[in-house]
Amino acid sequence: MAIEGRGDARSGGRIRLGMVGGGQGAFIGAVHRLCARMDDHYDLVAGALSSQKKRAVASALELGIASDRAYGSYEEMAVKESKRPDGVEAVAIVTPNHMHAPVAKAFLKAGIHVICDKPLTTTVKQAKDLVALTKKSKRIFAVTYNYSGYPMIRQARAMVAAGELGTLRVVQAEYPQDWLTERLEAEGHKQAKWRTDPKQSGAGGCIGDIGTHAYHLAGFVSGLKIDSLCADLSTFVKGRKVDDNAAILLRYKGGARGMLWASQVAPGNENALRLRVYGDKGGLEWSQESPNELWHAPYGAPRRLLTRAGNGADAAAGRVTRVPPGHPEGYLEGFANVYSEVAAALYAARSGGKPDPEVIFPTVADGLEGVAFVEAAVKSSAKGSVWVKP
């Protein structure tokens with residue numbers, strides 16, 4: 001399939017990757033490591049995998065990282081790796097949200113490319129500072145809005161850009177889960193504890209954790225930019241310090257309207273990210289839990305089902321597809337596509353070049369938009385659900 005032969009020049013071998021966060025007991029760090037290796041573009045060679053020095057070193061050694069590159073702090077790692085002739089070329093940041101900004105800043109200043117989990121930061125000011133520092137350092141800065149890597153999302157984006165839906169009118173995005181229906185953070189659940197702590201997650205709870213994914217996906221596919229929003233954020237679980245449900249109206253520049261619902265207290269929903277985009281010539285519908293399918297409804301004609309690598313799949317989907325039709329590709333493969341797109345840019349950067357124009361991945365600018373969205377939603381809701389410009 002196309003992705004296997006998506007060969008970019010590899011002078012210098014695989015990309016030397018470091019990681020901050022993602023040590024023992026972490027969830028997303030393991031996902032990043034798996035997906036970085038899937039297409040054989042990266043070697044994990046260094047890490048500061050925990051804020052606790054002993055755990056950081058032990059976690060690195062468990063992963064086969066050499067003892068002299070198993071760091072007790074990200075500050076030490078940034079300094080020492082920048083001085084090594086075989087130092088890391090890029091760092092993956094998979095810490096809780098409040099640490100994204102200081103870690104990214106340290107590595108950018110050290111001249112190292114950054115791949116950061118979302119949301120980019122916990123404040124717009126921090127995000128703007130990272131945008132400016134990225135520009136000054138001339139480093140690559142990717143943000144892992146991983147759902148943008150799904151083949152049928154790439155196809156949906158291409159169809160919208162080609163005008164197959166006509167003038168866009170309505171965009172609907174939703175992301176319901178149920179795992180925080182009860183107050184798990186009070187029971188010592190590690191993921192729930194930091195994700196519901198505003199000191200670590202930022203002011204947005206559900207809206208920052210999963211709502212930002214839905215928001216990015218809506219813009220990625222539609223190409224629309226937000227003008228203003230009206231948000232109603234709720235905290236249904238007693239004692240919780242951040243929102244666990246969000247209902248938001250969106251006004252896009254150019255006149256299109258949008259609606260976004262995100263919830264982590266919706267029983268019966270596991271990871272039900274969905275997107276619907278409607279124009280005056282037709283509509284598209286996609287569900288993350290059936291990611292290999294894209295429904296296209298041309299106005300006045302029967303709906304048709306497009307499948308990944310099947311009849312009707314286009315080049316945009318094909319270039320990030322690995323296996324033949326009927327063999328499911330999902331979360332890990334989509335995540336890996338983002339890493340592989342970033343790899344293409346990193347290979348090109350070795351010689352001061354740029355990747356093929358078809359290479360697409362979320363950047364620090366997309367990260368800023370996501371943080372601005374969260375901050376505007378929190379502000380809107382706090383003021384009684386008034387319209388706010390991000």
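# Salt bridges, sheet and helix packing

Glu341 is buried, with a relative accessible area of 0%; buried stands for under 20% relative accessible area, exposed for over 50%, and partly exposed for what lies in between (1.4 Å probe, protein chains only). The structure is a predicted model, in which local features need pLDDT of at least 70 and side-chain atom pairs count only at pLDDT 80 or more, whereas totals for chains, interfaces and linings use all residues. Residues are numbered from 1 along each chain as its sequence is written, and side-chain values use heavy atoms, with hydrogens and water left out.

## Charged pairs

The model holds 26 salt bridges, each being a side-chain nitrogen of Lys or Arg within 4 Å of a carboxyl oxygen of Asp or Glu. Three of these pairs are set out below, with the distance between their closest N and O atoms.

| Salt bridge | Closest N and O atoms |
|---|---|
| Arg154 and Glu341 | 3.0 Å |
| Arg240 and Asp244 | 3.1 Å |
| Arg319 and Glu341 | 2.9 Å |

Arg319, which forms a salt bridge with Glu341, lies in the loop between helix H10 (315-318) and H11, while Glu341 is in helix H11, so this pair ties together parts that are 22 residues apart in sequence. Helices (H or I, at least four residues) and strands (E, at least two) are DSSP runs, numbered from the N terminus. Glu341 also forms a salt bridge with Arg154, and that pair links distant parts of the chain, since Arg154 belongs to helix H6 (residues 151-161) and Glu341 to helix H11 (residues 331-350), 187 residues apart. With a relative accessibility of 3%, Arg154 counts as buried, and Arg319, at 13%, counts as buried too. In the remaining pair of the table, Arg240 and Asp244 are both buried. Elsewhere, a network of salt bridges links Asp68, Arg69, Glu81, Arg84 and Asp86.

## The nine-stranded sheet

Nine strands make an open sheet with mixed pairing, in the order S13-S12-S11-S10-S6-S9-S8-S7-S14, where two strands pair if DSSP finds at least two bridges between them. At its edges are strand S13 (304-307) and strand S14 (387-388), each of which pairs on one side only. Within the sheet, strand S11 (residues 282-287) and strand S12 (residues 293-298) pair in the antiparallel sense over four bridges, and Trp295 in S12 is the bridge partner of Glu285.

Arg276 is placed in strand S10 (residues 274-279) and, at 23% relative accessibility, counts as partly exposed. Apart from its neighbours within four places in sequence, Arg276 is in contact (heavy atoms within 4.5 Å) with Val170, Val171, Gln172, Glu174, Leu284 and Glu285. The C-alpha atoms of Arg276 and Ser287 are separated by 8.9 Å, although these residues are eleven apart along the chain.

## Helix H5 and its cover

Helix H5 (residues 124-137) has 14 residues and reaches 20 Å from its first C-alpha to its last. Its buried residues include Val124, Ala127, Leu130, Leu133, Thr134 and Ser137, and what covers the buried residues of H5 includes helix H4 (100-109), strand S5 (141-143) and H12. Just after the end of H5, Lys138 takes a positive phi of about 60°.

Key
Expected span 1.5 Å × (residues − 1).
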